[in-house]
Amino acid sequence: MTPTTALDISLARRVLQTEAASILALVDRLDERFERAVRLLLECRGRVVVTGMGKSGIICRKIAATLSSTATPAFFLHPAEAIHGDLGVLQPDDVILALSNSGETEELLRLLETIKRLGASLIAITGEAHSTLGRAADVALDCHVSEEACPLNLVPTASTAAAMALGDALAMTLLVAKGFRQEDFAHLHPGGKLGKRLMRVEQLMNGGDRTPIVRLATPMQDVIYEMSRKGLGMTCVLHDDGTLAGIVTDGDLRRHMSTTPDLMQRSAKDVMTRNPITVGPDTLAVEALNVLEQRKITSIVVVDAGQAVQGVVHVHDLWRTEMF
């Protein structure tokens, strides 16, 4: 190979156009076979085992990761390792999702006997639906491309892009069919920034003994003590029936110090802010953050449907999630 210094940007554009066209060509091929594949995955009582060699194997890893992150247990099985001892991971209740552009990958074909003997279901994503793999599959999804994006028409490019897109289509259709929700994503992604943004305030709030609470008749000396002890710069004020009456904040104290000479002889009801902003326990953390920013406040009270206090979310609690 002789290196060249000239860069052909038009080639890069053609690569993107070819790969995009290969994906768009799949749209009209989605038929009852795709529906059957989704149904097999939806009814799977075991795991989804995704397998393929070479570049297809790399795509397999991504598809398995996407499935697992959306509540469908899945893992990648290297076909060459499988025929050297890893076949034991396959179980009758599993669904095997096999990727091969030619449908004749030797290492994959050597798995067919075991898959059939176990009675596991087989879905093939292949560029040759009538290949050995395609004919052996319970469902064969046509992922044929007219050409690769490689100028030599050799390097797997358009074919791998199409296969990954078809894998995403399966995973997203399955996600909706399962009723997968935002909170499910958050539970499966506790370490990710997006997952943290989807956490509910009940997971972040200062609840129980950490919630600053006083009554309407509580003397201001005790109000200040409760605020200082809980360290949130505020306290909830409750009616006799336990529902929220208002809040007392550091800002309330500063304002009253200049206008109320006998402040320390007053009670919480004389100083509190009535009808404060509240959120429910199932409010998304990102929504609570938006309220805090819009209202320019540092804390928000979490109440249930009956206005009983469940806890307090402070801006510092949200900072710890690294949402900023």
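**The second largest pocket**

Reply: The lining of the second largest pocket comprises seven nonpolar, seven polar and two charged residues (Ala, Val, Leu, Ile, Met, Phe, Trp, Tyr, Cys and Pro count as nonpolar, Asp, Glu, Lys and Arg as charged, and the others, Gly among them, as polar). The model is predicted, so local features need pLDDT of at least 70 and side-chain atom pairs pLDDT 80 or more, while totals for chains, interfaces and linings use all residues. Residues are numbered from 1 along each chain as its sequence is written, and side-chain values use heavy atoms, with hydrogens and water left out.

The space in this second largest pocket is about 160 Å³. S56, S100, N101, S159 and T160 are the closest to its centre among the 16 residues that line it. (On a 1 Å grid over the protein atoms alone, a pocket is an open set of points where a 1.4 Å probe fits, with protein on both sides within 12 Å along at least five of seven lines; lining residues have an atom within 4 Å of a point.) At least two lining residues come from each of α3 (54-69), β3 (95-100), β4 (121-126) and α8 (158-177) (DSSP runs: helices are H or I of at least four residues, strands E of at least two).

In helix α2, residues 32-42, the buried residues are F34, A37, V38 and L41 (buried is under 20% relative accessible area, exposed over 50%, with a 1.4 Å probe and protein chains only). Viewed down the axis of α2, they fall within an arc of 95 degrees and so line one face of the helix. The face turned away from that buried side of α2 carries the exposed residues E32 and E35.

For comparison, the largest pocket holds about 360 Å³ of space. It has 20 lining residues, with I247, T249, I297, T298 and S299 nearest its centre. β9 (244-249), α12 (250-259) and β12 each supply at least two of the lining residues of the largest pocket, and α12 gives the most, namely five. By class, the lining of the largest pocket has eight nonpolar, six polar and six charged residues.

How values were computed
Grid points are joined across faces, edges and corners, and a volume is the space filled by probe spheres set on the points. The arc is that of the directions from the helix axis to the C-beta atoms.
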